[in-house]
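Visitor: I would like a close look at a single part of this model. Please take me through the salt bridges and what surrounds them.

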Amino acid sequence: MAVARAVRRTLDVLRAQLPASVSVDVLYDRSETIRDSVNDVQWTLLLTFGLVVFVIFLFLRNVSATVIPSLALPMSVIGTFGS
């Protein structure tokens, strides 16, 4: 996505230097769909985390037993994607 932003900035500079009769346009940009997909995944992870903690609390009905999985879940996700 950083490359797509850099290309768009470069195109803006290029357009200013080209004659008015020349047109430079982006035909297809996948960075927008990738950005939307990343946002969807982040929302799904947050929703899933909330639902898992809620279900654990619903079945165990114990706050201390719910705190442990609510701390373990983000640590496991961070550990998975961090390494």
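Guide: What follows is a walk through the salt bridges, then along the chain to other places.

Keep in mind that this is a predicted model. A search of the whole structure finds three salt bridges. Why can such pairs form? Side chains of opposite charge can pair when their charged atoms come close.

Start with Arg8. The side chains of Arg8 and Asp29 meet in a salt bridge, at 2.7 Å from N to O. Arg8 sits in helix 1, residues 2-17, while Asp29 sits in the loop between helix 1 and helix 2, so this pair ties together parts that are 21 residues apart in sequence.

Arg8 has another partner. Glu32 forms a salt bridge with Arg8, and here the closest N and O atoms are 3.8 Å apart. Glu32 belongs to helix 2 and Arg8 to helix 1, so the pair ties together parts 24 residues apart in sequence. Together, Arg8, Asp29 and Glu32 are linked in a network of salt bridges.

Are these residues buried or exposed? Take them in turn. Arg8 has 37% relative accessibility, so Arg8 counts as partly exposed. Glu32 is at 41%, so Glu32 also counts as partly exposed. Asp29 is at 19%. The cut-off for buried is under 20%, so Asp29 counts as buried.

Stay with Asp29 for a moment. Its place is in the loop between helix 1 and helix 2. A polar contact of 2.7 Å joins the side chains of Asp29 and Arg8. A polar contact of 2.7 Å also joins the side chains of Asp29 and Ser31. Leave out residues up to four places away in sequence, and Asp29 touches Ala4 and Arg8.

Now for the salt bridge between Arg15 and Asp12. The closest N and O atoms of this pair are 3.1 Å apart. Arg15 and Asp12 are three residues apart in helix 1, so about one helical turn separates them. An α-helix has 3.6 residues a turn, so residues three or four places apart point the same way. Arg15 is partly exposed, with a relative accessible area of 35%. Asp12 is at 48%, and counts as partly exposed.

Next, follow helix 2. Helix 2 has 30 residues. From its first C-alpha to its last, helix 2 reaches 43 Å, close to the 44 Å expected at 1.5 Å a residue. Val55 lies in helix 2, which covers residues 31-60. Val55 is partly exposed, with a relative accessible area of 38%. Just after helix 2 comes Arg61, which takes a positive phi of about 50°.

End with helix 3, residues 63-82, where Gly79 lies. Gly79 has 39% relative accessibility and counts as partly exposed. Compare its position with that of Ala20. Gly79 and Ala20 are 59 residues apart in sequence. In space, they are 53 Å apart, C-alpha to C-alpha.

Arg8 in helix 1 pairs with Asp29 in the loop. Arg8 also pairs with Glu32 in helix 2.

Technical notes
Residues are numbered from 1 along each chain as its sequence is written. This is a predicted model: local features need pLDDT of at least 70, side-chain atom pairs count only at pLDDT 80 or more; totals for chains, interfaces and linings use all residues. Side-chain values use heavy atoms; hydrogens and water are left out. Helices (H or I, at least four residues) and strands (E, at least two) are DSSP runs, numbered from the N terminus. Buried means under 20% relative accessible area, exposed over 50%, partly exposed in between (1.4 Å probe, protein chains only). The expected span of a helix is 1.5 Å times one less than its number of residues. A salt bridge is a side-chain nitrogen of Lys or Arg within 4 Å of a carboxyl oxygen of Asp or Glu. A polar contact is a pair of N or O atoms within 3.5 Å; within protein, one must be able to donate a hydrogen and the other to accept it, and residues adjacent in sequence count only if both atoms are side-chain atoms. Contact means heavy atoms within 4.5 Å.
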